[in-house]
Amino acid sequence: MINNIRPRITAQQKRALDYLRAKERRILIIGDLHCPFELDGYFEFCLDTYDRFACNQVIAIGDILDNHYASYHETDGNGMSGGYELQEAIKHVDKWAQAFPVADVIIGNHDRLIMRKAFSSSVPREWIKDYNEVLGTSWNWVERIEYDGVQYCHGEGGTARTKAKNDMQSTVQGHIHTQAYVEWMVGNNFKIFGMQVGCGIDRDSYAAAYAKHYKKQAIGCGVVIGGHTAINCLMPL
C-alpha cells in the first residue's frame, strides 16, 4: 500500500536522496493528528514531505489520538462511543505505523486523557496498558526528546518561541493548531530557533467543533536538518 502511494523516482534521484540521508540527520515532524479525526490527504502529504527532503527519521509531535469521548470539555452526544472511536483510531494509526514503523512519539495532552481519567478515579497504574499495546505499534513514546541540540516537546506550556527563549535551546512544538512558523533568535554567542509545526486535524470534524470560531488551523508538518535548518511545510488546501 505504501509503495503505491509514494511517488516513483528515478535511479539517479534515489542515489541523490540516499546520499543526503547518509550525510546527516533529517527529521520529519508530524503535526497533531487527533486520530481518527485527521484530515484526508495529510498522510500522503507527510509521506511526500519525507521523500522530498530525504528524511531518515520521524518524530510525531503529540496528540496522535483525540480521545474525544474522554475529554474534560463538552463532548458531542451524537458522536462515536468510546469503544468505536478507539477502534477507528487504531485503524488510522495503523497506516502511520506501516509507513513509519520506527518513530519517536511525543505524548500529548489528548494522548494522556485516559491516564488522567484513571488517576482521578484512583485506578492503579498496573491496570493500564501502554500505548503500543493498545495501538499495536512499536514506537518510542516520550514526554520530550532531543537530537542535534534541538528539543522536541508537545508544547502545552506555551509557544515554541517562548520555550526556546526560556531554555536557550532550539525547540520544536505542536499543540497550537493555528500556528506554523520558524523564528530565529540570535545573540553574540548563540543562534537558536523556535518552531511550531502546525497540525493535521480535520477542522470540520465534530471533535474540532470547539475551535470553529477560532483562527483556521495551520495544516502542515516540519523538517529539521542536522539541528541547523528548520523548515515549515504547509499542505496545499
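**Entry 1: a proline and its peptide bond**

I started at P36, which I found in the loop between strand 1 (26-30) and helix 3. Here helices (H or I, at least four residues) and strands (E, at least two) are DSSP runs, numbered from the N terminus. P36 is joined to C35 by a cis peptide bond, with omega at about 10 degrees. I noted the background: most peptide bonds are trans, and most residues other than glycine have a negative phi.

I wrote down that the model is predicted, that local features need pLDDT of at least 70 and side-chain atom pairs pLDDT 80 or more, and that totals for chains, interfaces and linings use all residues. Residues are numbered from 1 along each chain as its sequence is written, and side-chain values use heavy atoms, leaving out hydrogens and water.

**Entry 2: positive phi**

D63 is not a glycine, yet its phi is positive, about 55 degrees. I placed D63 in the loop between strand 2 (57-60) and helix 4. Is D63 buried or exposed? D63 is buried, at a relative accessible area of 1%. Buried means under 20% relative accessible area, exposed over 50%, and partly exposed in between (1.4 Å probe, protein chains only).

S122 is no glycine either, and has a positive phi of about 60 degrees. S122 belongs to the loop between helix 5 and helix 6 (131-135). With 65% relative accessibility, S122 counts as exposed.

**Entry 3: salt bridges**

How many salt bridges are there? I got a count of 10, taking a salt bridge as a side-chain nitrogen of Lys or Arg within 4 Å of a carboxyl oxygen of Asp or Glu.

R52 and D48 are both in helix 3 (residues 42-52), 4 residues apart, which is about one turn of the helix. R52 is partly exposed at 47% relative accessibility, and D48 is partly exposed at 28%.

D167 and K163 are also joined by a salt bridge, at 3.2 Å from N to O. Both sit in helix 7 (residues 160-167), 4 residues apart, about one turn of the helix. I have D167 as partly exposed at 34% and K163 as partly exposed at 30%.

Then I turned to E143 and R112, whose side chains meet in a salt bridge of 2.7 Å, N to O. E143 is in the loop between strand 4 (140-142) and strand 5 (144-147), and R112 is in the loop between strand 3 (104-106) and helix 5 (113-120), so the pair ties together parts 31 residues apart in sequence. E143 is partly exposed, with a relative accessible area of 48%, whereas R112 is buried at 17%. I also noted a network of salt bridges that links R112, E143 and E156.

**Entry 4: aromatic rings**

I searched the whole structure and found 8 aromatic pairs. Rings of Phe, Tyr and Trp (its six-membered ring) pair if their centres lie within 6.5 Å; planes under 30 degrees apart are stacked, over 60 edge-to-face, and the rest tilted.

F43 and W96 make an edge-to-face pair, 5.0 Å from centre to centre with 80 degrees between the planes. This pair links distant parts of the chain, with F43 in helix 3 and W96 in helix 4 (residues 82-99), 53 residues apart. I have F43 and W96 both down as buried.

Y50 and F100 make a tilted pair, 5.4 Å from centre to centre with 50 degrees between the planes. They too link distant parts of the chain: Y50 is in helix 3, F100 is in the loop between helix 4 and strand 3, and 50 residues separate them. Y50 and F100 are both buried.

I recorded one aromatic cluster formed by Y42, F43, F45 and W96.

**Entry 5: charges over rings**

Which ring does the charged end of R161 sit over? I found the ring of Y181, with the charged end 4.1 Å from its centre. To count, NZ of Lys or CZ of Arg must be within 6 Å of the ring centre and within 35 degrees of the ring normal. K191 lies over the face of W184, 5.8 Å from the ring centre.
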